[in-house]
Amino acid sequence: MKSGEKDVIIEARDLCYSYEEGGERALNYVNLKIERGRKVAFMGANGSGKSTFFLCCNGIFRPESGTLLFDGRPVEYTKQGLLDLRRRVGIVFQDPDNQLFLASVYQEISFGPMNLGMREEDVKREVEQVIEKLEITPFRERPAHALSGGQKKQVSIADVLVMHPEVVILDEPAAALDAKHAKIVREIVDKMAAEGITVLMATHNIDYALEWADEIVLMQEGRVLLQGDPVTVCRNQEALQMANQEPPAVLTLYKKLVEKGVLKQEGNVPRSLAQLGRYIDEQEQG
């Protein structure tokens with residue numbers, strides 16, 4: 001990579017995909033670039049193309065036209081090419097029951113490395129490390145189908161992390177989880193990002209996306225409406241409305257406080273209620 005160039009790990013060029021031949025396109029000439037190590041939130045109404053794009057990134061779907069590049073090279077839809085892609089790009093489905101299929105949690109997490117032909121002692125070491133890292137030890141020998149929704153989500157993430165992927169895709173990771181397990185999952189996501197893993201996440205929670213993401217991608221009817229930094233995207237009322245999103249609560253409140261003179265308009269826009277609270281305290285003290 002030349003000096004000054006962005007390190008793009010995933011690039012879509014005019015990507016199209018239809019679930020039925022001649023049918024309506026689920027992806028309609030998608031063009032976007034994802035830089036290595038970024039946290040990217042994908043947002044849009046159900047059916048906007050988020051999950052379809054994710055399945056293309058992992059090689060589960062093959063685009064009908066256009067090009068998907070991984071690390072600068074077009075994806076090869078051969079057995080070896082797809083194996084390499086799926087080792088480097090892991091996906092965690094919204095419903096973990098679509099991902100877990102072996103008897104015990106330990107067997108489930110072991111399956112991927114074993115399938116790659118790793119030595120048994122190496123598999124054991126890798127699995128033990130990810131079990132400890134994700135705090136799965138208390139239910140490691142339990143049947144996967146007997147776990148709670150939050151525990152299943154932890155195991156499905158472990159399935160992916162044990163393969164040491166460069167990219168992790170999460171489709172609505174906190175969906176249907178209680179507050180406790182949603183917090184656990186988000187802490188795991190933050191650890192992945194801190195380790196330099198590129199994280200793509202579909203979410204309907206715009207307040208979380210504003211606070212968490214480096215970039216937000218808005219999608220509508222299989223197209224990319226807007227891609228950019230979270231504050232810029234979340235201030236674009238027209239694009240948010242087209243993507244069926246409401247503005248984040250913190251930006252709405254911040255705007256009102258500025259209009260009423262409670263806060264001064266400053267360069268750094270708050271991206272969370274906690275950050276807004278600090279701004280208020282600082283101005284009162286100042």
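Analyst: Start with H3 and H4. Tyr106, Ile109, Ser110, Pro113 and Met114 in H3 meet Val123, Lys124, Val127, Glu128, Val130 and Ile131 in H4. Contact here means heavy atoms within 4.5 Å. Helices (H or I, at least four residues) and strands (E, at least two) are DSSP runs, numbered from the N terminus. By class, the H3 and H4 contact holds eight nonpolar, one polar and two charged residues. Ala, Val, Leu, Ile, Met, Phe, Trp, Tyr, Cys and Pro count as nonpolar, Asp, Glu, Lys and Arg as charged, and the others, Gly among them, as polar.

A note on the source. This is a predicted model, in which local features need pLDDT of at least 70, side-chain atom pairs count only at pLDDT 80 or more, and totals for chains, interfaces and linings use all residues. Residues are numbered from 1 along each chain as its sequence is written, and side-chain values use heavy atoms, with hydrogens and water left out.

Now the geometry. Two packed helices are described by the angle between their axes and the distance between the axes. The axes of H3 (residues 105-115) and H4 (residues 120-133) come within 10 Å and cross at roughly 130°. Axes are lines fitted to C-alpha atoms, for helices over the stretch in contact, and angles run from 0 to 180 degrees between N-to-C directions. H3 is therefore oblique to H4. Angles under 35 degrees count as roughly parallel, over 145 as roughly antiparallel, 65 to 115 as roughly perpendicular and the rest as oblique.

Next, H5 and H6. The axes of H5 (residues 149-161) and H6 (residues 179-194) come within 9 Å and cross at roughly 15°. These two helices are therefore roughly parallel. On the H5 side, the contact residues include Gly150, Ile157 and Leu161; on the H6 side, they include His181, Ile188 and Met192. This contact has six nonpolar, four polar and one charged residues.

Now the core. The largest nonpolar core has 57 residues, and Ile109, Ile136, Leu170 and Ile216 touch the most other members. A nonpolar core is a set of buried Ala, Val, Leu, Ile, Met, Phe, Trp, Tyr and Cys residues joined through side-chain atoms within 4.5 Å. Buried means under 20% relative accessible area, exposed over 50%, partly exposed in between (1.4 Å probe, protein chains only). H6 gives the largest share of this core, six residues. Beyond four places in sequence, the contacts of Leu170 include Ile157, Val189 and Met192.
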